[in-house]
Amino acid sequence: MLTDLLLVFAEAEPSMLEAIWAQTLLWTRVVVGIGLVIFVHELGHFVAAKTFGVKCEKFYVGFDPPLKIGPIKLPSALAKFRYGETEYGIGVIPLGGYVKMLGQDDDPRKLKQESERAKQLEESDEDPVDEDADEQELERSEDFDPRSLPAKPVWQRMIIMSAGVFMNVITGVMFAAAAFFYGVPYTPTIVGSVAPGGPAWQADLQPGGKVVSVAGVSDDLMRFRDMQMEVLHSGLEDSEQSLPVTLKYGDENREMNLPMMSIPGKENHRLIGVIMAHRPMINEKEIGVPKSVAAEVLSEKDKGATIVSFNGTAIDHEADVPSLPLLDFMYSNPDKPIELVLKRTDGSEHTVTLPAQYGQWVGIRVKPGPITALVDGGPAEKAGMQVGDQIVAVEGLEQLNIGALLLRLSEETDVNLTVKRGDSEQTLTITPDDSLQTSDPLDLVRHVAAMNAYGFAFEVSSVIASFDQSLKVDGDLPQPGDVLKEIVLVAENDFPAEFKEEPYSTLVNELSKPWKFSNQSTSWSFFESIQALPAGTKFRLRCARGESQKIIESTIQVAADTEQVRFSRGLALQPYKSIRIADSFGEAVSLGLRESKHRLGDVLRFLKMAFTGRVSANMVGGPIRIFQAAGIEAERGIPIQLLFLTMLSMNLAILNFLPIPVLDGGHMLFLLYEAVRGRRVDEEIEFKLTLAGGLMLLTLMVFVFFNDIVNISM
């Protein structure tokens, strides 16, 4: 087996070997990082115990329980050695660590035995009895080995028990300070666009601003992720509250209160609808979405290229967000070609033209749903439109469907709409304003669409507006008014070889499962998912018809859509990236303290919400998800990994200090009782409480492991 593995490496291409080596280094960093957080926690206990003369029998990262399969005894440690009186090692179960002190054992099954062992005095002249010691300490020295943990005064044992938490907090600050001293890359909170119909969109928040304060947290150099986390936490605490948000436009600050919105299928995940900004530069990793016009026109040499101009209009790279005019033109003029002048990374310039993007379809057009939101004081609201109105006709459109409506609105001229409100209909004339359209008008996640200049957003429905009969293969003929219920790839489709590899193989696998149309799996999301499929791909469609909701079934196929252009041309731009680097060691420490304070606050807020039932089970992660997250963060660079270790350190500090027997906080609770009452907790009671705490932690561990596995498989 080993020979076969060596042959694989010997015959591998250099790029493959480099990839394997890079991945090995990455996961080594992950293991070392997580191990370091555990190590320093246990080191705190170890150093404090040694300082007060407590005998430490073991110091382990990971656990080393005896393991057997029948008569075969398995190794319990990956590595171990003895130095002096202490055995040091790495246990085979990587779920924490421990320091085994004489007279102390977290295993409730061994608690009584360990207490008895600690009472067996060693013959030693090293610790003579102090004649002036008080009666309590004399009694203790008679009962316990003087080098056992129970023999030490309460205040010393308190220091020993809290030393691990103290070390985690200190090293957490050090991790964060080192990250900022090195330089932390981050995405700034520059507003690139707003989600159609979302809170920021309703407040008429314009692209180009920068969020400098949200929910009371202020920072001129706020990270986009921190803004999202603050909104998420605030939403979990009270989803109905409005958040105070401050945006900076040049030298002017704009303050507003924004409600929060949820995502279908993730009701606990709250957003305010701010989308990050992008630079006028081609992405360094990918030039465009596969099968898009951008992917066809651009080449690998264009990765990282700077866009100099579009259609003869120069990009002002000194502007706050230089890409806004380009994006506004692209999404407001989907039917027009765009000529781009690119400056490649080698300094050369060349010109490419992005034609209009036509896509694939299955012959189905869908109707726009009811109005879901209006811009406060926007054109639609001024014209008399109301939430709940249903658009039934648009002047100049022979057939009303979502694609045709959005293309008509992209012209940004006065439009006459007929809306149904209750049992009556009325015609409204809406005059567009000069709002920028810097992103696709369709929000695929929330099944909402809007052209910003008109100030109204509508639902993307699953009701058929029309069907092209030429794309029916067999079965019933879908009709206007039918409601899409389910669609799935038929088994006999024969895909080209490229669809057996990523990313197309995943696409085929997902579409081979029944796509049940809902708030999560919308009609437009399905239309987007078929854009890379070859013509002739067949699907089995189920629709509900009329008041009886009779199910009709059809087989339909994919074909080129030559009637309607798409808004997205698949161009991949680079997101904004900045680096926050401390100017001095003092500033690095200050930023480290600030970061650690925020992360401690996050943990405490999460625990509070967990105890009040505001956190759902799928938001709780265990060792598997921690390891996954650590890998993702490590891949982003050492500074980001250090910040992750700060977060992990603060989590470990807080969770270990919870007042649960077996944990450090539980030991502190017993010690506080002893300090107040002047005597130890009854051994029988301590045993029962420790047993209960151990069972509680074991149950929690089983739950988070199961939860991790379920979330990974989803």
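Is Arg365 buried or exposed at 8% relative accessibility? Arg365 counts as buried, because its relative accessibility is 8%; the term buried means under 20% relative accessible area, exposed means over 50%, and partly exposed lies in between, with a 1.4 Å probe and protein chains only.

Good morning. The structure under discussion is a predicted model, in which local features need pLDDT of at least 70 and side-chain atom pairs count only at pLDDT 80 or more, while totals for chains, interfaces and linings use all residues. Residues are numbered from 1 along each chain as its sequence is written, and side-chain values use heavy atoms, with hydrogens and water left out.

Let me begin with the chain as a whole. The protein chain holds 18 helices and 36 strands; these are DSSP runs numbered from the N terminus, helices (H or I) having at least four residues and strands (E) at least two. Of its 714 residues, 48% count as buried. Among the contacts with a separation of 6 or more, 69% are between residues 24 or more positions apart, where contact means heavy atoms within 4.5 Å. The chain exposes about 35900 Å², and carbon and sulfur atoms supply 57% of that area; accessible areas come from the Shrake-Rupley method with a 1.4 Å probe, and for residues only the protein chains shown count as cover.

I turn now to charged side chains. The structure holds 31 salt bridges, a salt bridge being a side-chain nitrogen of Lys or Arg within 4 Å of a carboxyl oxygen of Asp or Glu. Arg365, with which I opened, forms one with Asp561, and their closest N and O atoms are 2.9 Å apart. This pair links distant parts of the chain, since Arg365 is in strand E22 and Asp561 in strand E34, 196 residues apart. Asp561 is also buried, at 7%.

A second salt bridge joins Glu674 and Arg157, at 2.7 Å from N to O. Glu674 lies in helix H17 and Arg157 in helix H5, so the pair ties together parts that are 517 residues apart in sequence. Glu674 counts as buried at 4% relative accessibility, and Arg157 counts as buried at 4%.

Glu498 and Lys291 meet in a further salt bridge, at 3.1 Å from N to O. Here Glu498 is partly exposed, at 36%, and Lys291 is partly exposed, at 36%.

Next come the aromatic rings. A pair of aromatic rings is described by the distance of the centres and the angle of the planes. Rings of Phe, Tyr and Trp (its six-membered ring) pair if their centres lie within 6.5 Å; planes under 30 degrees apart count as stacked, over 60 as edge-to-face and the rest as tilted. The count comes to 17 aromatic pairs. In one of them, the rings of Phe46 and Phe59 have centres 5.2 Å apart and planes at 75°, so the pair is edge-to-face. Phe46 is in helix H2 and Phe59 in strand E1, and both residues are buried. Elsewhere, Trp515, Phe517, Trp524, Phe526, Phe527 and Phe539 form one aromatic cluster.

Finally, the surface. Leu691, Leu695, Leu698 and Val702 form a nonpolar patch there, with about 360 Å² of accessible area together. Leu691 belongs to helix H18 and counts as partly exposed, at 32% relative accessibility. Patches are made of residues with over 30% relative accessible area and no salt bridge; like charges are joined within 9 Å, and nonpolar side chains (Val, Leu, Ile, Met, Phe, Trp, Tyr) within 5 Å.

Thank you for your attention.
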